[in-house]
Amino acid sequence: MAVLTQSRDIAFLKEQARIVRVEILKMLTQSGSGHTGGSLSAADIATALYFYKMRHRPDNPKWEERDRFILSKGHAAPLLYTVLALTGYFDKSLLGTLRKAGSPLQGHPSSKLLQGVEVSTGSLGQGLSIANGMALGLQLDNSASRVYCLLGDGEIQEGQVWEAAMTAGHYALDNICAIVDLNELQIDGRCEDVMKVMPVSAKWKAFNWHIFEIDGHNMEEIVNALDEAERIKGKPSVILANTIKGKGVSFFEGKAEYHGLAPTKEELEKALKELGEDGK
Amino acid sequence: MGSREEQSADKTQSFAGQAVATRDAYGAALVELGKRNEKVVVLDADLSGSTKTAKFAKAFPERFFNMGISEQDMVGTAGGLSLAGKIPFASTFAIFETGRAWEQIRQTVCYSHLNVKLVATHSGLTVGEDGASHQALEDVALMRVLPGMTVIVPSDGFETQQVIDAVAEYEGPVYVRLGRAKVPAVMPPDYKFQIGRAHIFNLGKDANIIADGIMVSAALQARETLLKEGIDAGVINMCTIKPLDTETLLKAANASGLIVTAEEHSVIGGLGGAVAEYLSENHPVVVKRIGTRDTFGGSGKPDELLKIYGLTADDIVKTIKSTLSR
Ligand SMILES: Cc1ncc(C[n+]2csc(CCOP(=O)(O)OP(=O)(O)O)c2C)c(N)n1
Ligand SMILES: [Mg+2]
């Protein structure tokens with residue numbers, strides 16, 4: 001099993017993100033179904049969290065002083081499973097069981113079945129409320145732990161997200177860092193066409209959040225924002241990450257169809273080449 | 001959602017005798033309905049490709065409203081559209097429709113008895129790999145408990161087509177439960193659906209199986225197997241769960257002392273619950289319920305899951321045999 005190595009080194013993190021993408025694609029092809037686009041768009045962010053920013057102990061998933069991560073956009077389960085496996089929560093071979101009957105790697109994350117998953121998700125719009133509750137509880141205990149919550153840009157059309165945004169602002173939950181994966185796509189097409197959710201930054205600001213707007217594929221910008229967010233006091237922080245759905249594989253990039261389609265064997269081969277994995 | 005096999009059959013005529021997913025029949029029926037009735041409007045919550053309302057959206061873009069990922073808002077908006085004289089069909093996956101927006105359905109739609117048609121797809125275990133978060137096993141219970149709500153669970157494409165036409169004519173709130181996977185045709189070509197009327201395939205003298213949805217086909221298979229062993233089991237398609245066809249139910253309970261219900265839903269509160277409640281008050285006979293047993297679903301292939309959770313023809317056969325031999 002992997003032993004956790006964490007570093008702020010950008011080259012290291014970029015290489016981890018590349019490996020994360022490779023593993024996501026392999027597991028999706030093996031499973032034959034699952035969510036490709038939204039797993040790839042958030043791969044750099046999740047890599048920065050698990051391989052650098054978050055205090056966590058894969059050998060002790062319930063370590064009290066850990067930072068928490070909630071995958072509110074639960075369909076990006078392949079991404080979560082990959083970073084959990086690569087940082088040592090469980091053996092990488094388990095990735096091959098994705099979405100199979102009886103596997104702890106369910107189509108959407110189950111905290112009852114898999115170590116390292118803080119809470120079960122899959123129904124969109126619920127994660128930030130849970131993050132708020134965790135953050136409030138941690139504050140009552142004077143804990144230094146932080147709570148990270150990853151949301152999709154389609155997901156933030158859910159009213160509950162804005163109720164939660166109001167709560168975090170009201171209680172000034174500065175131990176929360178939300179990250180919105182702004183890949184501009186949802187299932188039925190472009191967010192712009194399905195249900196205009198932009199502009200988002202003015203909305204979060206209005207609920208008293210501190211805003212970071214970054215390129216969600218620029219590792220330097222990601223780690224800088226994560227570091228700075230930790231220094232913001234008296235307000236929750238949100239990182240608005242501009243991303244590309246399907247990032248890393250040219251023929252998946254920006255395509256709504258690959259939201260819920262797994263790569264075929266042929267597509268996988270081509271994709272792995274693009275990610276510098278040919279012959280391995 | 002979005003698997004490669006999901007390219008739908010593009011049929012607009014009758015689905016009689018055709019194996020088709022009930023959601024595909026819905027998509028086709030909606031387009032036909034849209035042509036005949038200008039009052040029909042359709043809403044979806046970012047799943048129009050999967051629920052098949054995308055077909056209506058293409059044919060009648062001005063009468064289609066994608067609400068984005070906001071089921072509660074969708075149900076409320078459908079309520080408003082009905083008050084403006086339209087006949088709204090609001091669709092998404094069954095768990096998000098009935099679960100996320102339950103109180104909006106209760107307060108806005110049912111308490112005011114609005115003419116809103118909630119047609120949900122991806123019910124039950126046959127959702128498959130997406131797993132528990134996406135598999136509604138409680139939706140019939142959630143809808144059945146609401147005063148004034150009509151609850152319908154069609155068994156095949158042909159029946160679905162007729163259900164959609166019938167609920168458009170009916171005035172009041174309706175929940176229609178559809179599935180993701182292709183299902184065999186079970187209803188005879190001369191079948192006429194009526195709200196609140198069950199279909200009797202035959203009455204058995206040893207047992208009668210009351211089924212809905214995909215379990216009607218399993219019940220018919222079970223009947224064949226049992227016949228070979230000299231057991232006479234009847235099969236009834238209880239397509240409308242509410243209002244329950246109690247007349248037919250009493251006929252079945254009079255024909256045999258054993259009633260077996262079968263549904264792709266929890267045994268708590270669904271068809272089995274409805275049948276057991278009615279019979280225990282009015283005509284006590286032995287009732288056995290086939291369904292999920294106070295559990296969430298899980299990822300896997302649809303057929304595999306039906307086996308794991310005990311929802312196959314075999315499970316019906318075993319239940320009947322073991323009960324009769326007691
Ligand atoms: C409450 C709820 N409604 C609908 C769905 C079905 N669904 C799954 S993913 C998705 C689109 C999500 O879009 P977005 O949040 O932008 O995710 P990303 O682009 O990052 O994959 C939808 C509608 C769901 N999982 N939960
Ligand atoms: Mg998106």
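In this predicted model, C110(B) is a buried residue, its relative accessible area being 6%. The sulfur of C110(B) has the sulfur of C239(B) as its closest cysteine partner, yet the two are 18 Å apart, which is too far for a bond. To see why, recall that a disulfide is counted here when two cysteine sulfur atoms lie within 2.5 Å.

The structure as a whole, taken over all chains, holds zero disulfides. C149(A) is likewise in no disulfide, and the nearest cysteine sulfur, which belongs to C177(A), is 9.6 Å away. C149(A) also counts as buried, because its relative accessibility is 0%, and residues are called buried when that value is under 20%.

From the cysteines we can turn to the ligand. Where does ligand 1 lie? Ligand 1 is found between chains A and B, and ligand 1 also sits in the largest cavity. There are 25 residues around ligand 1, and those that come nearest are K73(A), H75(A), D153(A) and K245(A), together with E71(B). Sorted by class, the shell around ligand 1 is made up of six nonpolar, ten polar and nine charged residues.

Some of the contacts can be followed atom by atom. In the side chain of H75(A), an N or O atom is 2.7 Å from an oxygen atom of ligand 1, while a polar side-chain atom of D153(A) lies 2.8 Å from an oxygen atom of the ligand. With L185(A) the contact comes from the backbone, where an N or O atom lies 2.9 Å from an oxygen atom of ligand 1. On its own, ligand 1 has 600 Å² of accessible area, and the protein covers 100% of that area.

Key. Residues numbered from 1 in each chain as written. Chains lettered and ligands numbered in written order. Predicted model: local features only at pLDDT ≥ 70, side-chain atom pairs only at ≥ 80, totals over all residues. Heavy atoms only, no water. Near = heavy atom within 4 Å. Polar contact = N/O pair within 3.5 Å; in protein donor to acceptor, adjacent residues only side chain to side chain. Areas by Shrake-Rupley, 256 points an atom, 1.4 Å probe, with all protein chains shown as cover. 1 Å grid on protein atoms, 1.4 Å probe; cavity = no way out; pocket = protein on both sides within 12 Å on 5 of 7 lines; lining within 4 Å. Sits in = over half its atoms within 2 Å of the grid points. Nonpolar A, V, L, I, M, F, W, Y, C, P; charged D, E, K, R; others polar. Buried < 20%, exposed > 50% of the residue type's maximum accessible area, 1.4 Å probe, protein only.
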